[in-house]
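Here are my notes for a first look through this one. Keep the viewer open while you read.

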Amino acid sequence: MNELVLLNKDGEIGIITVNNPPVNALSPGVPEGIGAAIEAILGDDQIKAAVLIGSGRTFIAGADIREFGKVTSGEKRGGSLLPLLLAIEDCPKPVIAAIHGTAFGGGLEVAMPCHYRVAVPAAQLGQPEVKLGIIPGAAGTQRLPRLAGVAKAVEMCALGEPITAGEALACGLIDKLIEGDLLTGAITFAREIVAKGERPPKIRERDEQLGDEQANAPIFAAARAQAGKAKRGQTAPLAAIEAVEAATELPFEEGCRREAELFRECLFSDQSKALIHVFFGEREVAKIPDIPKATPVTEVRSAAVVGAGTMGGGIAMAYANAGIPVLLKEVSQEVIDRGLATIKKNYANSVKKGRFSQEVMEERMALIRPTLSYDDFGEADIVVEAVFEGMALKKQVFAELDRVCKPAAILASNTSTLNIDEIAAATSRPQMVIGHHFFSPANVMRLLEIVRGKATAKEVIAASMALAKRLGKVGVLVGNCRGFVGNRMIAQYGREAQFLVEEGAKVEAVDSALYDFGMAMGPLAMGDLAGLDVGWRIRKEYRHLEPPGIRRPLVADRLCEMGRYGQKTGAGWYRYDEQRRTIPDPEVEKLIAQLAEENGIVRRPIGPEEIVARTIYALVNEGAKILEEGFALRAVDIDVIYINGYGFPAWRGGPMCYADTVGLKKVYDHILQFHERHGELWQPAPLLKQLAEEGKTFAAFDQEKGKGAAA
Ligand code: T1G
């Protein structure tokens with residue numbers, strides 16, 4: 001074997017152990033090691049059966065994703081796992097896969113040609129390849145329906161969500177749950193199999209679960225409809241459905257060939273490159289160059305939240321969902337009761353949708369302790385302030401926290417725009433102050449923008465990054481500029497969306513162009529959802545900082561003056577019916593035409609290409625400025641922020657990755673044109689100009705910066 005795959009014996013049972021930390025990926029050497037172990041078992045008469053198991057925390061978590069780039073760049077030829085899988089399946093001695101942690105992708109595809117599969121109850125099994133913009137490429141779409149049935153196989157391959165070991169047992173994917181030690185249980189199981197003396201079953205020969213055309217047609221139709229909704233704009237889920245369909249129509253070998261064709265098409269697609277960029281990006285953002293891995297991290301055992309409004313309530317739920325007891329403070333009984341009622345309603349909705357049981361709801365509610373005073377704040381390891389977005393009030397709260405909290409407590413603000421250093425200055429311990437910017441609904445949205453103040457201690461940052469993971473969030477560290485990263489960029493995107501309607505585009509045309517681009521929601525409908533008054537208040541507070549003579553959007557302020565704040569007032573850019581569906585409003589179109597005329601704006605027909613270019617490139621240009629000013633560590637950090645906080649399509653990789661896909665020269669040329677036509681607001685970012693002229697990408701910028709930091 002080799003150092004990645006070990007072969008030992010327990011009497012007549014061979015034990016093949018994959019040892020490739022951290023997740024036993026099928027990196028070069030692992031498939032070869034397993035193949036050599038099977039060879040050795042064949043040649044050893046003492047061995048009657050074998051157990052295949054992973055060392056450390058998991059079974060095989062899939063192919064080595066880092067190798068894909070080498071194939072798509074032509075650096076190396078892609079190999080195939082199929083010969084190894086046939087060797088396992090054709091082995092005359094039973095091979096048992098023993099699963100703990102995650103049997104994902106190629107890992108499950110190695111487990112399925114094994115003659116039997118056993119797992120611990122906590123194990124997870126899945127074909128998550130579509131989350132990387134590809135499909136199973138090692139006969140997973142051919143063996144899974146033969147084991148688990150067509151409906152389960154198409155759901156697992158098209159949506160990519162894992163199933164539990166219990167569900168796997170129920171659908172026939174595994175043969176037994178092992179309570180207690182996995183290896184011991186698997187060896188016992190192997191001995192029982194040997195004792196039975198049966199011929200090891202070959203999964204590829206099983207057809208009884210493949211159904212027939214009539215039975216399968218509605219299954220595939222429903223799967224395509226669901227993929228169309230849940231994976232809108234993505235090609236891999238449809239390819240996965242087609243591959244499973246091929247399993248029901250073609251002999252095994254031909255089905256594998258069809259799968260391989262579809263796999264290659266997906267692997268060489270921009271969507272796959274983007275989704276793999278996001279996969280590694282979500283792990284890269286956790287690495288802060290100047291904060292060593294060994295930095296001591298305070299473990300958060302208890303928390304407190306000031307303010308039980310929409311954000312405060314959601315943040316308290318996020319802590320309770322992670323099992324952390326949390327105090328929730330408000331100014332009056334009436335307000336705290338309202339906040340708790342909203343939390344209760346949200347949990348009850350989740351119970352109704354079957355996300356978790358009534359019991360779990362009660363456990364979580366019990367972790368949220370309402371209070372009207374700061375008395376018990378002395379115990380909290382962290383306090384998150386989520387009061388009204390006004391500097392004076394926030395300073396008052398932080399001064400109070402400085403008085404009541406223990407010295408080691410982290411003092412975090414959920415502000416979405418205000419200066420963290422100014423808030424920190426209201427305390428005697430600015431090194432303990434940090435921004436924790438949650439996104440609404442805070443118990444759902446995955447993004448946590450972590451804002452570093454100039455005095456924030458490295459231990460506080462390290463604890464915040466670790467806490468984000470514990471809360472099930474993706475924590476991204478950003479600098480303390482106005483609007484931080486996400487909101488600073490979205491302001492430019494929103495600005496262009498409004499200018500486009502002033503210049504002639506219809507409100508719903510702007511939104512549908514971005515929706516078709518893949519955004520979860522168009523910018524104007526998003527404004528109505530968030531509440532137009534939020535931005536209005538901030539604009540009024542900062543108007544004095546705006547450079548004179550700069551063009552400002554005209555309509556949103558007027559809508560607010562008319563009391564049209566969006567969904568919450570039943571009207572904003574759109575009118576809303578009882579189901580909160582958008583209804584285009586001729587009154588708004590009339591107002592826009594009137595304001596355009598009053599301001600000498602000549603209106604013209606505007607197509608979706610221009611709408612997308614002006615809004616998305618506004619994001620990219622501002623993102624490049626943020627990078628060169630050092631308020632974001634990497635371009636990929638910006639991508640992860642936009643995908644997890646602003647509904648940017650992951651299959652486009654985020655705004656900076658998307659710009660790389662389009663080509664920075666082309667993006668830069670467009671921005672130069674916009675600068676000429678629309679003035680100063682489109683001043684190209686120097687970094688973008690430099691990278692475009694040097695024929696480079698934001699990905700290359702990150703790499704060079706990474707090398708610089710490592711040096
Ligand atoms: N390849 C390479 N590196 C991987 C990897 C993989 N498959 N999985 C994880 N890593 C790295 C990751 O980047 C991180 O590195 C470290 O391991 C720990 O990961 C043929 C074609 C298994 C649930 O999609 O979902 O098989 O940042 O922080 O939170 O048909 O990793 O420390 O340097 O995520 O405990 C299909 C991907 C591949 C599973 C563990 N498999 N991995 O989560 O740790 S395609 C997947 C995960 C395939 C076949 C096809 C998770 C995990 P670093 P982590 P975790």
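1. A definition before anything else: buried here means under 20% relative accessible area, exposed means over 50%, and partly exposed is in between, with a 1.4 Å probe and protein chains only. Helices (H or I, at least four residues) and strands (E, at least two) are DSSP runs, numbered from the N terminus. With that in hand, look at strand E10 (residues 303-306): Ala 303 and Val 305 point one way, Ala 304 and Val 306 the other way, and all are buried.

2. A word on the source. This is a predicted model, where local features need pLDDT of at least 70 and side-chain atom pairs count only at pLDDT 80 or more, while totals for chains, interfaces and linings use all residues. Residues are numbered from 1 along each chain as its sequence is written, and side-chain values use heavy atoms, with hydrogens and water left out.

3. Back to E10 and its partners. Two strands pair if DSSP finds at least two bridges between them. E10 and strand E13 (residues 382-385) run parallel and are joined by four bridges; in E13, Val 383 is the bridge partner of Ala 304. E10 also pairs with strand E11 (residues 326-329), again in the parallel sense over four bridges, and there Ala 303 stands opposite Val 326.

4. Do check Glu 385, which sits in strand E13. Glu 385 is buried, with a relative accessible area of 0%. Its side chain reaches the backbone nitrogen of Val 387 at 2.9 Å.

5. Now the ligand. Which residues are closest to it? Of the 29 residues that surround the ligand, the closest are Arg 57, Gly 106, Glu 109, Gly 137 and Arg 283; a residue is counted if one of its heavy atoms lies within 4 Å. The shell divides into 16 nonpolar, five polar and eight charged residues.

6. The largest share, three residues, comes from H12.

7. For distances at the ligand, a polar side-chain atom of Arg 283 lies 2.8 Å from a ligand oxygen atom, and one of Glu 129 lies 3.0 Å from an oxygen atom of the ligand. A backbone N or O atom of Ile 65 lies 2.9 Å from a ligand nitrogen atom. Taken alone the ligand exposes 1000 Å², and the protein buries 79% of that; such areas come from the Shrake-Rupley method with a 1.4 Å probe, and for residues only the protein chains shown count as cover.

8. E5 also belongs to an open sheet of three strands in the order E5-E7-E8, with mixed pairing. E5 and strand E8 (163-164) stand at the edges with a single partner strand each, so one side of each is left without a neighbour in the sheet. Strand E7 (residues 124-126) and E8 pair in the antiparallel sense over two bridges, and Leu 125 stands opposite Ile 163.

Technical notes: A polar contact is a pair of N or O atoms within 3.5 Å; within protein, one must be able to donate a hydrogen and the other to accept it, and residues adjacent in sequence count only if both atoms are side-chain atoms. Ala, Val, Leu, Ile, Met, Phe, Trp, Tyr, Cys and Pro count as nonpolar, Asp, Glu, Lys and Arg as charged, and the others, Gly among them, as polar.
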